[in-house]
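The structure is shown first.

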Amino acid sequence: MRLPFVGPVSRRASNRRQARDDDRALLEDDPLSIPLESIDAASDSDSRQPGIPVRSHRYNGSGRSRSCQFAIFIAILAGLLLAILLPRRRSGSPVSVNDGLLPCGSSRYSINDHTCYRDNFLCPVINKKRTSRCGNDCYLHGEFSCDSGKLVGVQNPNSGDKTPPKDASRESCTPTYLHLSDPPYENYFMSDCSGASQVVVTSPLPDSDLKIIGPRLLIAWPAGNSGIVAYFSPENGVNGTLGIGLENITGTNRTLNPLIGGVTGILSLNSSATLDLAILGSVRTIREFIEGPSSLSPKIQDAIQVRQLPDGGIQLNRQWLDKTTETYLTIHNSNGTSIPIQNGKPRFTNGTYTFNAWSSYPQLDQLGAMEVINPAFQSIISRNEEDIKSLCFLSYSSKILAGAWRFLTYFGRDSLISLLLLRPILSEGDGGAIEAILGAAIERINLSDGTVCHEETIGDYASYLNEQQGIDSADPLCDYKMVDTDYFLLVAINEYFVNSAVGSSRRDLFFARNASFLSTNRGSTYGDLTLSTAEKIMKLTADFEQSPVKESLIHLNNGQTVGQWRDSGNGLGGGRIPYDVNTALVPAALKSIASLSSQGFFPSYPDWYEVASKRAAFWEDNTLSFFEVNITMEKSQELVESYVDATGFPGKVNTSKLNSAVVFHGLALDGKDHQPIVKVMNTDDCFRLFLLNGTDQSQLSAFLSQVADNILRPFPLGLSTTVGLVVANPAYGEGSVDVNEFTESAYHGTVVWSWQLAMMAAGLERQLERCEHEQLAYCTNSVLHERVLEAYNHLWDLIDTNSEHLSSEVWSWVYRDGDFQYTPLGALPPPDGQSPVESDIRQLWSLAFLAVKRNEAYRLP
């Protein structure tokens, strides 16, 4: 028998013992606590009990003497010899349900002590981290990697720059629990330094559309963007009769407890049920099944093993395509009776069931509240407990995630917009939230052309996509199809490294870092990667300055139907030249390049300050007119009446309130069927309000006038509803779009996005503040200034009215009892030809209202 815990592990024996003591203390007060026993002594003598092997590798921070190491080794060896000499349990003896041990080959193990690989190979948990298998060895990520079954020491290219890792006693080790209700979805969050989990329980309501809402247990993990979903159906076959939920754990005020890399809880069923379908692996796989064609790869599904455990419970597990990582789900009847499996499907009677779900994928280093929030603003932590917990759940030292559950990974646009909106309250410096966001975006730049990554693909889904290209690898991939994210990055870099004193002091160290996330970028510094993006922007924006025609504007990439934040298939109504990118993001990025250049950035281009400044002004002054839509009063009334008839909009619409021409800027140019402009009123004015301070006086006044009018007019005359501003109003489409693609159930249709409300509010405030220190024509025009002020207050009244929904990603409405009523987007059937879309209960950029607040100086009496 191999002796475990030799070499590197012996150096950590006391730490490991302390970690287990911490685990026991955390769970001992709860009846669901899982015993933390080691491997059962009944293991056969020839069963493998691997540990981390002796390797020539330096461990920073190890101060133990050789004598101490030897003493620990002797103690462990004595324990193993004692285990060998103890009487063995006969193979036929029953296993108690209450001992919490699971089979692994001929051994048994505790979930919180070991991981079982391929049903017969145990690797230990060390310092609240699961070790991974490599051949016949086990190792910790960050210290080793595995190459063809052999361990390779990991060298940190930035070891001299990064602060030392924090130990398991830091703030984020304190368990954090959060329950957020959004019927028919109940969302639960549990995290500590051993992992972070989100559990979503879906149970139909009496008025639910049973074609899209059914009993479902979903578990999602930021680690590897991975998870599990289990679909249940009523045994009696009558949809809508099965209700499921989570029960509070006895003696606690929560429904979940943490496991190492997972979570445990109690699931209740109100009637007999069948587990019809389970998906184990990537959140991407789950998301695309739910929101796509509902197809699954046989190679992924066929790898799921469903088995009866010796104690009567059931276990579902699957080895990922990387041939190492595994995901597990166990379920036990609380009354101790067995759960039968018929035709591969577990069958349940009504009652309660304990579930344990965990994965062996390496966990992320989560940031606690004190680590995410700027010290000057930490008073908001106690005042905004739910939102701060949500922000922490999405915040990690290497990246900030986009949303829970559907986007539990890096998204460039989302994190950069969030940085700009939340910057005053986010922590700065090494190890802070701002540098985590910027570092993640820079790490993922495509060095060959400077494009910033939109979405990373990691874990099991990376293996899947690599395999489609004939590559046997789990290396991460990036999606580079978006055209807007490049511009956000330069704006964010300027905001932090020029406009922040801490950022300015961090500049040299930060940009000297070596990239390590993508293999293609290794050997390049953050400075090299940032320069490649700036070069791309300067190259793409040059033509319009020389030839200001539509063809010289920024287009979507060839072959793509998406390219900016409205990234659903119909989000731009078929347009190819997006409004927000060309009129706001490009000039803002050029201004940022000029600002950075003036501070010594990009020394290889000494003329960029003058060139970029001049070009920014040209783009700012000469792009709006391409997108302007101006419809006479009479025509506007006619179009709205036609829209109401075509869509059957049930509300009262008084078109006589349209007493002047309707002016707005279309979503995009070059629409379907050669339409020159997509005539959909929208909220994307917020980008120009927030990112630019226009100096063309007549243009600025006209722009602010139409912004105010469209905010104040009720939908479908304008954008305003009692549940917020809709992000799109197709009533004036006049044949340029299909109004059925922009409905209250479409992802970018007549729905409300929280972060757009925040950016619109912040942008209007920025323009109002200019009147205090600039001589602007609109400021001295009392009628226009009052109109803008009225729009600002109306918007904030809507925001305050809908405060309970502001942290959600997107929501919709039903018209009932003479008014708009809030409803989750996922509760509505999708438009014809479109897939159903759920909304994240918490989205990173929707937490912007932690920083964006109403300016009481502008409140109207």
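## Conventions

A crossing is called left-handed if the near helix is turned anticlockwise from the far one by less than a right angle, and right-handed if clockwise. Helices (H or I, at least four residues) and strands (E, at least two) are DSSP runs, numbered from the N terminus. Axes are lines fitted to C-alpha atoms, for helices over the stretch in contact, and angles run from 0 to 180 degrees between N-to-C directions.

The model is predicted, so that local features need pLDDT of at least 70 and side-chain atom pairs count only at pLDDT 80 or more, while totals for chains, interfaces and linings use all residues. Residues are numbered from 1 along each chain as its sequence is written, and side-chain values use heavy atoms, with hydrogens and water left out.

## Helix H13 and its partners

The crossing of H13 and H16 is left-handed. The axes of H13 (residues 526–540) and H16 (residues 608–622) come within 12 Å and cross at roughly 50 degrees. The two helices are therefore oblique to each other; angles under 35 degrees count as roughly parallel, over 145 as roughly antiparallel, 65 to 115 as roughly perpendicular and the rest as oblique. In the contact (heavy atoms within 4.5 Å), H13 supplies Leu531, Ala534, Glu535 and Met538, and H16 supplies Trp608, Val611, Ala612 and Arg615. By class, these residues are 6 nonpolar, no polar and 2 charged. Here Ala, Val, Leu, Ile, Met, Phe, Trp, Tyr, Cys and Pro count as nonpolar, Asp, Glu, Lys and Arg as charged, and the others, Gly among them, as polar.

H13 also packs with H9 (residues 433–443), at an angle of about 70 degrees and with the axes 9 Å apart. H9 and H13 are therefore roughly perpendicular to each other. Gly439, Ile442 and Glu443 of H9 meet Tyr526, Leu529 and Thr530 of H13, which gives 3 nonpolar, 2 polar and 1 charged residues.

## Helices H11 and H15

For H11 (residues 485–497) and H15 (residues 579–598), the axes come within 8 Å and cross at roughly 40 degrees. This angle makes H11 oblique to H15, and the crossing is left-handed. H11 contributes Tyr487, Phe488, Leu490, Val491, Ile493 and Asn494 to the contact, while residues of H15 in it include Val581, Leu585, Ala589 and Leu596. The contact of H11 with H15 comprises 12 nonpolar, 3 polar and no charged residues.

## The second largest pocket

The volume of the second largest pocket is about 880 Å³. On a 1 Å grid over the protein atoms alone, a pocket is an open set of points where a 1.4 Å probe fits, with protein on both sides within 12 Å along at least five of seven lines; lining residues have an atom within 4 Å of a point. Grid points are joined across faces, edges and corners, and a volume is the space filled by probe spheres set on the points.

Its lining has 42 residues, with Glu291, Asp567, Ser568, Gly569 and Tyr747 nearest the centre. Two or more residues each come from H3 (283–291), H8 (412–422), S26 (455–457) and S27 (477–479); H3 gives the largest share, 4 residues. The lining divides into 15 nonpolar, 14 polar and 13 charged residues.

## Backbone features

Most residues other than glycine have a negative phi, and most peptide bonds are trans. Asp119, in the loop between S3 (114–117) and S4 (121–126), is not a glycine but has a positive phi of about 70 degrees.

A cis peptide bond joins Pro183 and Pro184, with omega about 10 degrees; Pro184 is in the loop between S10 (176–182) and S11 (185–192). Another cis bond, between Phe715 and Pro716, has omega of about 10 degrees, and Pro716 lies in the loop between H20 (697–712) and S34 (720–721).
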